[in-house]
Amino acid sequence: MVEDFLRQSPLSHLALAASGRSQRAEEDGVALAERPYRTVITLRGQAEDAVFVEAIQRALGLGLPRKVGQVSGDPRGREILCLGPDEWWVTDAADDAEPLVTSLTEAVGDLFAQVVDTSDNWFALELSGPRARDVLAKACPLDLHPRTFGPARCAQSLLAKAPMTLQQLDDTPAFRLHVRRSFADYAWRWLSDAGREYGVSILQS
Amino acid sequence: MPQSFRLPEGGLIDRARSLRFTFDGRSFDGHPGDTLASALLANGVHLVARSFKYHRPRGIFSAGAEEPNALVQLGEDPRTDPNQRATQVELFDGLSAKAQHCWPSLEVDFNQVTSLASRLIPSGFYYKTFMWPSWKYFEGPIRRAAGLGKAPRLPDPDRYDKCFAHCDVLVVGGGPAGLAAALAAGRTGARVILVEQDNRLGGSLLSAPETQIEGAPSADWVREAEAELATLPEVKVLKRTTCFAYYDHNLLGLLEKVTDHYAPYDRPAELPRQRMWRVRAGHVILATGAIERPLVFRDNDRPGIMLASAASSYLNRWAVKPGSRAVVFTNNEGGYRAALDLKSRGVDLAAVIDLQLAAEGPLSRRARDEGIPIKTGYAVTGTSGHLRLKKVFVAPLDGAGKRVFGGGEPIEADLLVSSGGWNPTVHLFCQSKGTLEWDDSLACFRPDASMQRNQAVVGAANGTFGLSSVLVEAHAAALAAADAAGFSTGGEASTAPTSVEERDFLPMREIYLVPSIKPLGQGGKHFVDQQHDVTAADLLLAMREGYRSIEHVKRYTTTGMATDQGKTSNVAAIGIVAEHLGKTVPEVGVTTFRPPYTAVTFGAFAGRDVDDFLDPERTTPMHAWHRAHGAAFEDVGQWKRAWYYPQAGEDMAAAVNREVKAARDSVGILDASTLGKIEIRGPDAGVFLDRIYTNVFSTLKVGRARYGLMLKEDGMVFDDGVTTRLAEDRYLMTTTTGGAANVMSWLEEWLQTEWPDLKVYLTSVTEQWATMTISGPNARALLAELTELDLSTDSFPHMSMAEGEVAGVKARIFRISFTGELSYEINVPSRYGLAVWQALIRVGQKYAITPYGTEAMHVLRAEKGFIIVGQETDGSVTPLDLGMNWIVSKKKDFLGRRSLSRPDMLKADRKQLVGLLTEDGREVLPEGAQLVESNHDIRPPIPMVGHVTSSYWSPNCGQSIALALVKGGRDRMGERLYAALPDRTISCTVTEPLFFDKTGERLHG
């Protein structure tokens, strides 16, 4: 395990200071938080291979979602996002992906599958609050109305001009938005600007 | 200044507050609720503009989006908007507007001389007159003389917003039809968006206070409807929002004016000025109403002449008398409503001039009962008054409506309102490719076949003019839409609001061109399109010149092509053409409606994607360090890469020379994080790579790396990079920075569409890894201080990979080289990139470690003759052209292989990669320079034998070096060529494309 002080968020240059959730954010605004070190493991494999599905479930203690856009597990802990017919993300609150990568790699063994640590390939930020959908509607063409989207759902789309994978965490509503690490600065500043009319507070990461 | 034309009571204005505004430098007062037009009229101001071509004085013609004349320049640079319709500009305190297109003033405009010369400048005059010697000599002055407002010169300081929206039912128009539809659909629980361009809901009801709905004044119904809509959680009401475009599959564009109506000192800083909505609607209900058609008579454009319905609006909605003494000119029963309104609000009504032979409707009967003088079978034959209407001339009309009798009897009047029937507002319906049919009984075009699924047009927009029928139709359409969207209806909520008042304008007498006492075009003008100054005479001229199609007549005369897109003129133009050709109106047909319905600010289209949001700037984990150390950056795709690091007093050349020397003399360090990286796993990974690359990867040993070239099917080089075998079934591919995404798509495409039998998975890991390359004779010594790994060539040879810790961080280290020096490419998880980079810099101090940028990297690789895809290649270069036959396998098949054996690919005179050394070694060839074989008489045409692809000063060679693609280049070694520059030629010699360390021994340190 490497010392924590050696690591850096792609937003460290912004020197973000948590403002705490303001009264306004609570009632009518949005809050932003960065989640730079969560584990994100890309898993490729054959959903129709029962051995593979079984192996993953045993390793993670979670059912493998089979429908694209479905999420299983605990959004604040360990979860699996189904991104494609043969592609998943295993994400976890752990800062260090290695133990999970190792156990997944062992679980799939010689099966036709792939386990890759992509925790640093992606950068997650969380957008929450009563106007979170309105802010997202400025950046993302998907319909995120509760009738068509909700917790335990994910989708791949755009955050303005940056490719994004988004998932809804709860009914606040809170969303976790994943962009490639190099887009972190763009995504954060874009959302801060887009949320300005509702009031944006910054939460502790 | 008193608002002397403001009525003492009534109107939807807040009399308790006054708003001060200026027009053309003069100060006036108005009230909240006013538009700029209503406030000007309240102050007795009619003259607001000069016309486009003839600079004729023009007034306020309408009360809405259809306004052709009252276009003003709003605000001051940079917050200025040209061509704003005064009829739609909401008044705010401090508003400042100017008349456009007049000099020195609105009252005295010197360019009005064009009016005197109007006989010389008919439609299309510039096609005929200004052809010699060239149109370009005339264009400037003509554009200055014609035209409208001025675009701002300074950058727009305002912020704009854009957003997406989705709904089950989108209702466009907040009049009675739209309100009824939104209520009916909203009550079912469907997601509804109601769009209204005005700042108030109610539409035509706002100007007709006597109307009753549900047994009460319609204003009460509107208020209650708005209140109820506000309680429905899935209903969104957007006021001050114009639906300006309707695209396929129910995608609609809306422009919301968020803060334009605030006084500048009151504008909330956190709000955008305007917001563009892109709405994807399940169902669309168009309730866009109708626009009144003016009558086309001689000199119908003077200030004081307006639409009859506009006069009613000013009286009823804004409590403004648009004149003191009025004449109403109508061809239909609806005109009498204006007459009654005018009389009841205290305007002296001189006469109603009715083209109909008899007026027998309920309104005309009421007018007669109230003692209003009515002349049926009469026409307005002309008007007088320079800056304001003074007299109206009337005369009896013959039975056919083709001519008038007598000289024209004058009537004193300062207001003339005209009504020629109504046109359903079908613009959006037509934009969505719906077709129109001509309704003979209504004498208007109305929607026929829809081209969009889930679309309905209701109310006046559909040619349904009676208020009861409007409400019933809108209600039913909304319930059907909601039902189709899966929202059941029933019970109380499903009855339509009732109204007893029928608002109908029939019957009418269709006469599109009102005759005068003189032949058309003599002694006055019949304006059809007031904004573009197109007259009836112009239309007839176009037909005399042979134009028949209405689309041709439109383009020749420019009728309907102004910013108002002919909202008040198109049908009249079609009618006049039809009358002239002896055809019916539907036989002539309609012109095309295009977005936008009304003009949209460019800023709204851009939204927040301006300045540094114009395009994302992608940065590496070490970006902050590069910035702190003064790096200049180069754009590579969306990436910002450190280009060079100038020290105090250094220019680019000095910095690059220093960096290039350092990497050869001691050690340099490069941020290579942007290189594309793809993890490949599966039992068929080796086979897959063999098919993708020109060379073999299936035989690569685990832990070893190999350089590969990828071709497209045409045999042309597409990408290159080093691929390493991580395990029996795992590889890591690297790609060029710019090609990463394309390569990933290319590989996935082959796997998914052509080779689904191959068991291979790909995952992009470009940004998982921060990559730093240390290069130079001291690279090994430096790395040894930060890792326990055995770096000896025996255990860690060139073109191999090792895993171990560097500066305490788990790393993958590749011993590969793009400089020709001993090089290590150190990859660590991105979160540790900056820490490891800093550790290398810190420890590297004793070796005078030098960070180098992409420019030094280019020089270093050029010294070794290494290509850069996209610089030495341009999509037309094969591996053979590059002299890289050694990398093209003869034993296996791969993408592009068959193309390489096409005869054309084997021709001896293909452009081949060579080196160039200038005769004078201090001279650096410009990249892109064309090469010729002779240095005298090089005037074109002359055979070009090649071009320079890369060229640098090489401090390590002590002279300039260049790479070039030259026809049959490999057979020209030692030959003299000349770079042909605009002012001189540079002489150079063809060499091998390798300039430094030709034996390659430095690779081993």
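## How much of chain B is buried

Of the 1005 residues in chain B, 55% are buried, where buried means that 20 or more other C-beta atoms lie within 10 Å of a residue's own, exposed means 12 or fewer, partly exposed is in between, and C-beta atoms are placed from the backbone. This is a predicted model, in which local features need pLDDT of at least 70 and side-chain atom pairs count only at pLDDT 80 or more, while totals for chains, interfaces and linings use all residues. Residues are numbered from 1 along each chain as its sequence is written, and chains are lettered from A and ligands numbered from 1 in the order in which they are written.

Chain B holds 24 helices and 49 strands; these are DSSP runs, numbered from the N terminus, with helices being H or I of at least four residues and strands being E of at least two. The radius of gyration of chain B is 38 Å, well over the 30 Å that the globule rule gives for 1005 residues, so chain B is more spread out than a compact globule. That radius is taken over C-alpha atoms, and the globule rule is 2.2 Å times the number of residues to the power 0.38. Along the principal axes, the C-alpha trace of chain B spans about 115 × 75 × 55 Å.

## Meet chain A

Chain A has five helices and eleven strands, and 47% of its 205 residues are buried. Its radius of gyration is 17 Å, which agrees with the value near 17 Å for a compact globule of 205 residues. The C-alpha atoms of chain A fill a box of roughly 50 × 45 × 25 Å along the principal axes.

Chain A is divided into domain 1 (9-37 + 120-202) and domain 2 (39-119), with bounds that come from an automatic or database domain assignment. The C-alpha centres of these domains of chain A lie 24 Å apart. Twelve residues of domain 1 of chain A are in contact with ten residues of domain 2 of chain A; a contact means that the C-beta atoms of two residues, placed from the backbone, lie within 7 Å. On the domain 1 side of chain A, β8 (153-159) and β9 (162-170) of chain A are the elements that give two or more residues, and β8(A) has the largest share, with four residues.

## Where the chains touch

How many residues does each chain bring to the contact? Chain B gives 40 residues and chain A gives 36 residues. On the side of chain B that touches chain A, β8 (160-172), β34, β38 and α22 (833-844) of chain B each supply at least two residues. The largest share of that side, six residues, comes from β8(B).

By class, the side of chain B that touches chain A has 17 nonpolar, nine polar and 14 charged residues. Here Ala, Val, Leu, Ile, Met, Phe, Trp, Tyr, Cys and Pro count as nonpolar, Asp, Glu, Lys and Arg as charged, and the others, Gly among them, as polar.

Five strands of chain B form an open sheet in the order β35-β36-β37-β34-β38, with antiparallel pairing; two strands pair if DSSP finds at least two bridges between them. At the edges stand β35 (705-711) and β38 (761-764) of chain B, each with a single partner strand, so one side of each is left without a neighbour in the sheet. From one strand to the next, the twist averages 30°. Axes are lines fitted to C-alpha atoms, for helices over the stretch in contact, and angles run from 0 to 180 degrees between N-to-C directions.

Within this sheet, strands β36 (residues 717-727) and β37 (residues 730-735) of chain B pair in the antiparallel sense over four bridges. One residue pair to look for is B:R725 and its bridge partner in β37(B), B:Y731. Helix α19 (residues 685-692) of chain B packs on the sheet, touching β34 (676-681), β35, β36 and β37 of chain B, and its direction makes about 25° with that of β37(B). Helix α20 (residues 740-754) of chain B lies across β34, β36, β37 and β38 of chain B, running at about 165° to β38(B).

Most residues other than glycine have a negative phi, and most peptide bonds are trans. B:D299 has a positive phi of about 55° although it is not a glycine, and B:D299 is buried, with 22 other C-beta atoms within 10 Å. A cis peptide bond joins B:L506 and B:P507, with omega about 0°.
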